[in-house]
Amino acid sequence: MTGKYKFSQIREAHNEFEAFLRIKGMSTRQFSFLLDVSEVTARKYIIDTTLMRYSHMNIVAIHFSMSVKDIIDIIEYDLK
């Protein structure tokens, strides 16, 4: 953990995907730069992960050295 976010901030995350980003130390601004979208759009993607496109999930997976399936599993966890 980077120490950028406190455990209380991670616990207050809207969903598992937001908690994942916080654990990895990624802010909304960094997320928007990574996906090449506006910060407002990035915030919408974080709150409602079902809006993210497959290409965005692929970019996140490559950035964190994961598979797209892992990202989809994180998103699906909140849909159950």
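Buried means under 20% relative accessible area, exposed means over 50%, and partly exposed lies in between (1.4 Å probe, protein chains only). Keep that in mind and select Phe64. At 14% relative accessibility, Phe64 counts as buried.

This is a predicted model: local features need pLDDT of at least 70, side-chain atom pairs count only at pLDDT 80 or more, and totals for chains, interfaces and linings use all residues. Residues are numbered from 1 along each chain as its sequence is written, and side-chain values use heavy atoms, leaving out hydrogens and water.

**Next stop: the rings**

What separates the ring centres of Phe20 and Phe64, and at what angle are their planes? The centres are 5.2 Å apart and the planes stand at 75°, so the pair is edge-to-face. (Rings of Phe, Tyr and Trp, its six-membered ring, pair if their centres lie within 6.5 Å; planes under 30 degrees apart are stacked, over 60 edge-to-face, the rest tilted.)

Phe20 sits in helix 2 (residues 16–24) and Phe64 in the loop between helix 5 (54–63) and helix 6 (68–79), so the pair ties together parts 44 residues apart in sequence. Helices are DSSP runs (H or I, at least four residues), numbered from the N terminus.

Ring pairs link Phe17, Phe20, Phe31 and Phe64 into a cluster. The structure holds three aromatic pairs.

**Last stop: two helices**

Select helix 3 (residues 28–35) and helix 4 (residues 39–47). Their axes are 8 Å apart, and they pack at about 105°. Helix 3 and helix 4 are therefore roughly perpendicular (65 to 115 degrees; under 35 is roughly parallel, over 145 roughly antiparallel, the rest oblique). In contact (heavy atoms within 4.5 Å) are residues including Phe31 of helix 3 and Tyr45 of helix 4.

Key
Axes fitted to C-alpha atoms, helices over the stretch in contact; angles between N-to-C directions.
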